Amino acid sequence: MDGRAGFDASNNKRNLYTVVGVTLGLLCILQAVLNISLRLAFYGDESKMQLKTFADHYTHQGWLYFNQSVYYISSVKNSWQDSRDDCLQRGADLIIVNSKEEHEFTRLFRQSFWIGLTDIETEGTWKWVDGTLLRQSFWFAGEPNSNEGRNEDCGDTMFFVHENSWNDQECAFKHFWICEKTMAS
């Protein structure tokens, strides 16, 4: 055997090890990508399952499901604060209207009710019960207005037959109310 044959055998071994090493490296990368993809797919399914379980739990108790939240509609009238207290006891709060779609959802009930909006801390600065400032509103024309100098610090839906239906009302006034619970709360 000449030296060249030994060199070729050694070269072939090195090439084989290189191919095996590169192949194993690619398989590891492929496995990592597959694991990440499966986790993302499973997490998405898990989130959908959690949402379905959440919605099913509350709808079986008489709550209504809409757009990833559940809503409790009262059957009695109460003041704004007593209404809020009832919601809090249910693990929820008065409804926070975050979109035109949610506003339209509330109009379907064709009823006046309390929403989670108040300017009780600072007159004219309307905040939701979670402390966020009002950004998008659906006030009826001329509202809010503290009508005839009354102290109207709580938000309700008074003019539900109109596209914009919100009104400011005295907080002691008796209304129905809507509680809202999101999956995160």
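1. A residue counts as buried here when its relative accessible area is under 20%. By that criterion, 34% of the 185 residues of the protein are buried in this model, which is predicted.

2. The secondary structure comprises 3 helices and 8 strands, and their order along the sequence follows the pattern α-β-β-α-β-α-β-β-β-β-β. As for the contacts in the protein with a separation of 6 or more, 66% of them are accounted for by residues 24 or more positions apart.

3. Strand E4, which spans residues 113–118, deserves a separate point. With 6 of its 6 residues buried, E4 is largely enclosed by the rest of the structure.

4. The pairing of E4 involves strands in both senses. E4 runs antiparallel to strand E6 (residues 154–157), to which 3 bridges join it, whereas its pairing with strand E8 (residues 176–182) is parallel and extends over 2 bridges. Strand E5 (residues 127–128) is also joined to E4 by 2 bridges, and these two strands run antiparallel.

5. At the level of individual residues, Trp114 has a bridge partner in E6, namely Asp156, and Trp114 also has a bridge partner in E8, namely Trp177.

Terms used:
Residues are numbered from 1 along each chain as its sequence is written. This is a predicted model: local features need pLDDT of at least 70, side-chain atom pairs count only at pLDDT 80 or more; totals for chains, interfaces and linings use all residues. Side-chain values use heavy atoms; hydrogens and water are left out. Helices (H or I, at least four residues) and strands (E, at least two) are DSSP runs, numbered from the N terminus. Buried means under 20% relative accessible area, exposed over 50%, partly exposed in between (1.4 Å probe, protein chains only). Contact means heavy atoms within 4.5 Å. Two strands pair if DSSP finds at least two bridges between them.
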